[in-house]
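Subject: Structure handover

Hello,

Here is the structure I said I would pass on.

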Amino acid sequence: MFASRSSAAVRLCGISFRRRIATMSFDRLIRFVPKGDESKVLIGEPADAAVDVGAAVRKGEDVQVKVFSGSSVLDAGAPTGDTATVGRILSPLTQAEVGTIRCIGLNYKKHAEEAKMQIPSIPTLFLKPATSLADPYPAPTIIPKHTLADDSADYESELAIVLGKDAKNVSEADALDYVLGYTASNDISSRASQFAQTQWCYSKGFDGACPIGPVLVNKRLVPDVGKLRLRGLKNGKVVQDSPLTDLIFSVEKIVSFLSQGTTLPKGTLILTGTPAGVGFAHRPPELLHDGDEFVVEILPHIGSLYNVLQNEK
């Protein structure tokens with residue numbers, strides 16, 4: 001009798017373990033509204049493992065998704081066996097999930113050089129409020145009306161880190177244990193406001209100033225972010241092009257540094273900085289205007305974050 005119960009317990013524990021593993025098993029997740037039902041928000045994995053979701057949505061192509069049982073990329077659950085077609089792509093995370101967004105400034109050597117600023121010895125942190133989080137195309141990326149007269153809206157193509165569990169006082173050696181995955185982000189900035197102040201939060205924290213997505217890529221697919229390549233394209237013209245080997249501070253260093261004395265909750269979004277080629281550094285400047293299209297492209301795996309700019313009414 002005792003042996004029978006023990007065997008049953010072992011079997012149940014095995015089932016429970018396999019289920020826990022299944023809920024964590026994904027390659028690339030998206031959050032989306034399915035075609036034909038605006039009342040739903042679903043989580044799932046593109047059926048085509050190679051599709052660039054952002055580019056396909058921008059072209060008006062149908063993207064088929066294997067639906068997961070969870071309601072958040074932070075707890076995606078497991079495949080349900082159902083499929084759905086993307087009607088509207090959303091940011092992988094919600095405003096409530098990201099909380100305060102952490103951002104690292106001057107984290108590429110060549111960007112520090114073009115800005116004529118000294119390479120920092122420790123990460124430079126600024127914050128964006130949750131209200132700056134925004135969806136990719138087809139949602140418009142808004143240029144605030146109070147900044148229009150300054151004509152200084154700028155882009156910053158960035159790799160973003162998403163934490164999968166609470167982190168505090170984490171060592172660099174353990175930092176990746178807290179990372180769920182990576183996505184693309186655009187740190188939309190008002191340069192006039194930025195250069196008028198010593199703090200950057202105001203100039204980079206306007207509503208919608210942090211579009212991310214569309215795909216959250218499991219860290220397992222990116223064991224070395226240095227092998228990623230990041231490009232920014234404005235209206236089809238390449239304006240930023242950099243390997244992530246130009247990063248000053250690594251993912252491990254950033255997560256560890258930000259966690260010292262501070263709890264980073266599960267879902268925390270961390271922008272890792274932008275490479276050389278930001279708009280104000282070009283001659284003439286490559287600033288953003290109503291109707292412009294900007295793409296943050298991170299390859300392989302992550303793909304393209306499309307933003308179409310629109311002046312606030």
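The notes below cover salt bridges, one arginine and a sheet.

Please keep in mind that this is a predicted model.

Salt bridges. The count comes to 16 salt bridges. Lys 128, Asp 154, Glu 156, Asp 187, Arg 191 and Lys 204 are linked in a network of them. Asp 154 counts as buried because its relative accessibility is 0%, under the 20% limit. Lys 204 forms a salt bridge with Glu 156, with the closest N and O atoms 3.0 Å apart. Both Lys 204 and Glu 156 are buried.

Arg 191. This residue is found in helix H5, which covers residues 191-195. Its relative accessible area is 4%, so Arg 191 is buried. Its side chain also has a polar contact of 2.8 Å with the side chain of Glu 156. Among the residues that Arg 191 touches are Ser 152, Tyr 155, Val 278 and Phe 280.

The sheet. Five strands form an open sheet in the order S8-S19-S18-S15-S16, with mixed pairing. Strands S8 and S16 are the edges, each pairing on one side only. The twist from one strand to the next averages 20°. Strands S15 and S18 run antiparallel and are joined by six bridges.

Regards

Definitions and conventions. Residues are numbered from 1 along each chain as its sequence is written. This is a predicted model: local features need pLDDT of at least 70, side-chain atom pairs count only at pLDDT 80 or more; totals for chains, interfaces and linings use all residues. Side-chain values use heavy atoms; hydrogens and water are left out. Helices (H or I, at least four residues) and strands (E, at least two) are DSSP runs, numbered from the N terminus. Buried means under 20% relative accessible area, exposed over 50%, partly exposed in between (1.4 Å probe, protein chains only). A polar contact is a pair of N or O atoms within 3.5 Å; within protein, one must be able to donate a hydrogen and the other to accept it, and residues adjacent in sequence count only if both atoms are side-chain atoms. Contact means heavy atoms within 4.5 Å. Two strands pair if DSSP finds at least two bridges between them. Axes are lines fitted to C-alpha atoms, for helices over the stretch in contact, and angles run from 0 to 180 degrees between N-to-C directions. A salt bridge is a side-chain nitrogen of Lys or Arg within 4 Å of a carboxyl oxygen of Asp or Glu. Lists of a residue's contacts leave out its neighbours within four places in sequence.
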